[in-house]
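Please open the model in your viewer and keep the sequence panel beside it. The tour below moves from one selection to the next and says what is there at each stop.

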Amino acid sequence: MTTAAFTKKEPTESINDFIEKQSPEFGKALMGSGLTVQKFARVAITTIRGNEKLMRATGISLLAALMKAAQAGLLPDGRRAYLIPRENRYGNEKVMEATYMIGYQGMVEIALRDAEMLKISSAVVFAKDRFIYELGLNEKLEHVPSCEADRGEKLFVYAIAKMKNGQAFFEVLDKSAVERARSSSAGWQYDTRTSPWTSHEESMWRKTAVRALFKYLPNIDVSEAIAGEDVDFSPVAESDGEPPTKGVAGLKTALMPKVEERSPDTEASPPPADAPSDPIIKSTAIM
């Protein structure tokens, strides 16, 4: 069994060679997104080579994560989309695998692809900030951040979407709602140290609010972009089979026809339902 990985045993230039050979496939996935294959490939290579664990990831998992990012039209740069390494077990062998997860900036980019969308933004509210929101006939949302270096603990997060027709929507979540969303994240359950909820906590708060707001916005569909994110592999997957081949050899194996062959009658399983966000304000239209 070949277990070569992207380490000193094999030149890192081989990553470049592989990504370049897959450019036509990435190009098909990126079609209509506005991203060039060259830019996507450059960012993918930089991300992989900059993470020792991704360098050891299995080919099939790394290829799948990259293709998900390409299909969503997002750069795997750790802001728009993440490539997250996870160690799983196959029999007696531990194997590193990569997973895909959309980021806050990726959610915003997808929203702005809607021709009717003018602006979308999100912000975290801290304890020392001035924050007022009102419901009823005259809805109001006002946030004045504190000028102090220490603004206190995070209490709320909100997202605002403004349409070109003048209509606006906002969503407000409290701390407990965000923490429930975090707890439902497979990445957080797997390892809090490597989860984006630890390394990019504020961005994940903002992403959670934007994702909740998307449920009420017309003409915006993020189902494909978030399908399968952060849930590809269990914390320690037990299997009696052979572990996936690692490194360049694994990437080549991942492209073999037998990996793609499926019965025409086989339907893909639907993605798991989003964890409830328990928004304080379901959706409020501001006229």
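For the helix pairs on this tour, axes are lines fitted to C-alpha atoms, for helices over the stretch in contact, and angles run from 0 to 180 degrees between N-to-C directions. Helices (H or I, at least four residues) and strands (E, at least two) are DSSP runs, numbered from the N terminus. This is a predicted model, in which local features need pLDDT of at least 70 and side-chain atom pairs count only at pLDDT 80 or more, while totals for chains, interfaces and linings use all residues. Residues are numbered from 1 along each chain as its sequence is written, and side-chain values use heavy atoms, with hydrogens and water left out.

**Whole chain**

Begin with everything selected: the chain has 13 helices and eight strands, and 45% of its 287 residues count as buried (under 20% relative accessible area, with exposed over 50% and partly exposed in between, for a 1.4 Å probe and protein chains only). Among contacts (heavy atoms within 4.5 Å) with a separation of 6 or more, 71% are between residues 24 or more positions apart.

Next, colour by pLDDT, the predictor's confidence in each residue, from 0 to 100. The average over the chain is 76, and 70% of the residues score at least 70. Over residues 231–287 the pLDDT is below 50, although this stretch has 125 contacts in the model beyond near neighbours in sequence. Residues 1–12 also stay under 50, and for them the model has 28 contacts beyond four places in sequence. Where pLDDT is low, the predicted coordinates should not be read in detail.

**Helices α3 and α5**

Select helix α3 (residues 37–49), whose axis comes within 12 Å of that of α5 and crosses it at roughly 140°. That angle makes α3 oblique to α5, because angles under 35 degrees count as roughly parallel, over 145 as roughly antiparallel, 65 to 115 as roughly perpendicular and the rest as oblique. The crossing of α3 and α5 is right-handed; a crossing is left-handed if the near helix is turned anticlockwise from the far one by less than a right angle, and right-handed if clockwise. To see the contact itself, show the side chains of Phe40, Ala44 and Ile48 of α3 together with Leu62, Leu66, Ala69 and Ala70 of α5.

Stay on helix α5 (residues 59–71) and pick Gln71, which lies in it.

**The loop between α5 and β1**

Move on to the loop between α5 and β1, where Gly78 lies. Is Gly78 buried or exposed? At 18% relative accessibility, Gly78 counts as buried, and its C-alpha is 9.6 Å from that of Gln105.

Arg79 is found in the loop between α5 and β1 (81–90) as well, and at 44% relative accessibility Arg79 counts as partly exposed. Leaving aside residues up to four places away in sequence, Arg79 touches Gly103, Tyr104, Gln105 and Gly106, and the C-alpha atoms of Arg79 and Gly103 are separated by 5.4 Å.

**Helices α6 and α10**

Finally, select helix α6 (residues 104–112) and helix α10 (residues 201–214), whose axes come within 8 Å and cross at roughly 30°. That makes α6 roughly parallel to α10, and their crossing is left-handed. Here Tyr104, Met107 and Ala111 in α6 meet residues of α10 including Arg206, Val210 and Phe214.
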